[in-house]
Each structure stands twice: as structure tokens, then as C-alpha cells.
Amino acid sequence: MTNIVILTGAGISAESGISTFRDEGGLWANHRIEDVATPEGFERDPKLVVDFYNERRAQAATSAPNPAHDALARLEAEHKGDLLLVTQNVDDLHERGGSNHVLHMHGALNSALCASCEHRWPAPMKMAVGDACPNCAAPMARPDIVWFGEMPYQMDRIERALAQADLFVAIGTSGNVYPAAGFVQMAAHYGAHTIELNLEPSAVVSQFAETRFGKAGETVPAWVAEVLEI
Ligand code: APR
């Protein structure tokens, strides 16, 4: 039975119209990471940060899953072995494409977090600075996003899955941000076959046993069909 771990990045949502980070005109071309994606930035100007994620939540709400999301949902439904879908993305296109078990290691736009009691609840479309926590009532709501310098979610679960994986597939990620960029090395160390499905070579392309270049909307359905032998 083949145990599969999949890691997706912004590239899988690009054909759904959601900006990536490091492509031409990407999010980091128009915003400074230190201003909108760090705890210090939130401390310095919480309204700038809350508005940044309100914009991204609105953009995600007007986008639709593409054939790559649909194909991964089909894989989840039909694959006989274990499958862990880890995404660095904070949009909910995997879920809206039919995937039921998605691990958002960098958090999610549709979740809000209390900076005081760590309670989580469904985020409103528009969050405001000082929103009260429904659990402890402190005015400490923040976007439930893992910022630079913070620990990604469920790393022990991810590492356990990588240690058991027969196959590790990275889709639409530039391999610039750790710990995610190090998953391929970990999977290969434990003997997994590794495949990169990307528009262009990532920063860690040399660590993959196999690479297929192209748009995720084409390469992912083709690869899933192979895995399901249909
Ligand atoms: N199909 C497949 N791959 C694509 C497509 C597409 N249609 N369009 C772009 N790509 C690829 C690009 O070639 C690039 O390698 O997707 C990758 C996007 O890279 P980034 O913008 O760096 O996004 P990502 O790798 O997900 O960033 C990782 O960085 O800023 C942090 O927390 C943020 O989760 C994010 C993390």
C-alpha cells in the first residue's frame, strides 16, 4: 500500500486567480513581509495586517477550485493507502474542491485566533482590530495565520507522516520557506520517492528524484490518473 504525503504551495491556487508570493507581481512585490506577515508587524500596525488578510480573504472568496484541487480530492477519495495533504496555503480551495483532510501548516484565512487564550473560531469576512474573543472576551482576535518567526502547525504529525511515506509530492511551491522546503530531504532520507510538480524549478529541485514542469491544472490531474491507474 503506497503512503503518500503531498505538500502544496501558492502555485496550486494560481490558476484559480489567487496571487502567489514570489512570482512576477506576487504578494511580496506589493507588500513588505515584515509589515504584514510577522508578529512585530502586527504589534506595530495591527490595522495594516488585519486589512491585508481581509483583502486576501475576499480574494479567496471570489475564487474557485481548479482541476488540480479537484484531482487531489479524487485522490483522497479513491487512493487505498494513507494520504496526508499538507498545504502552506491559507485559502480554502482544497476544501471547496472536495478534500476533507487538509493540514494547513501556515494557518487559514477562514479561522480567527485569540492572542490571549488561543481559542479558534470561524473568521468573519472582515476582521477588525480589537475584535473580542468569543471564549474569553479579550479584545485580542488576530488572523489565524502562522507569521514568519512563528512555529508552523502540526509539525510532529507532518514529520511522522514523512517518515512513513513511500511517495512525497510537492506541488506549486518555490522551496524558499522552511521547514516546508526541507520536507523533500526528510522524505528521501526515509526512502520515499519524491516528485516536484511545478511551473518552474524550485529552489530545492535538485533534491527531487523526479520533476514535471507545467501548470498544476494539467500536471496534477495527469499525475493523479497515473497513481490511480485510470
Ligand atoms: N502551476 C504550478 N506551479 C505554479 C503555477 C501554476 N499555475 N504558478 C506558479 N507556480 C509556482 C511558481 O513557479 C513557484 O515556484 O508556484 C510557486 C509559488 O511560489 P511562492 O510564491 O514562493 O509560494 P509558496 O512556495 O507557497 O510560498 C511558501 O512563503 O510567504 C510564505 O507563508 C507564505 O506559505 C507561503 C510560503
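Residues are numbered from 1 along each chain as its sequence is written, and side-chain values use heavy atoms, with hydrogens and water left out. Because the model is predicted, local features need pLDDT of at least 70 and side-chain atom pairs count only at pLDDT 80 or more, whereas totals for chains, interfaces and linings use all residues.

**Exercise 1.** Work out which residues surround the ligand and which polar atoms lie by it.

Solution. Begin with the shell, which has 23 residues, the closest being A10, F21, R22, T173 and S174 (a residue counts if one of its heavy atoms lies within 4 Å). Next, look for polar contacts, that is, pairs of N or O atoms within 3.5 Å: a polar side-chain atom of T173 is 2.7 Å from an oxygen atom of the ligand, and a backbone N or O atom of A10 lies 2.8 Å from an oxygen atom of the ligand.

**Exercise 2.** Locate the ligand relative to the domains.

Solution. First divide the chain into domain 1 (1-18 + 64-106 + 152-230) and domain 2 (21-62 + 110-145), with bounds from an automatic or database domain assignment. Their centres, taken over C-alpha atoms, are separated by 25 Å. Finally, both domains give residues to the shell around the ligand, so the ligand lies between them.

Note on methods:
A polar contact is a pair of N or O atoms within 3.5 Å; within protein, one must be able to donate a hydrogen and the other to accept it, and residues adjacent in sequence count only if both atoms are side-chain atoms.
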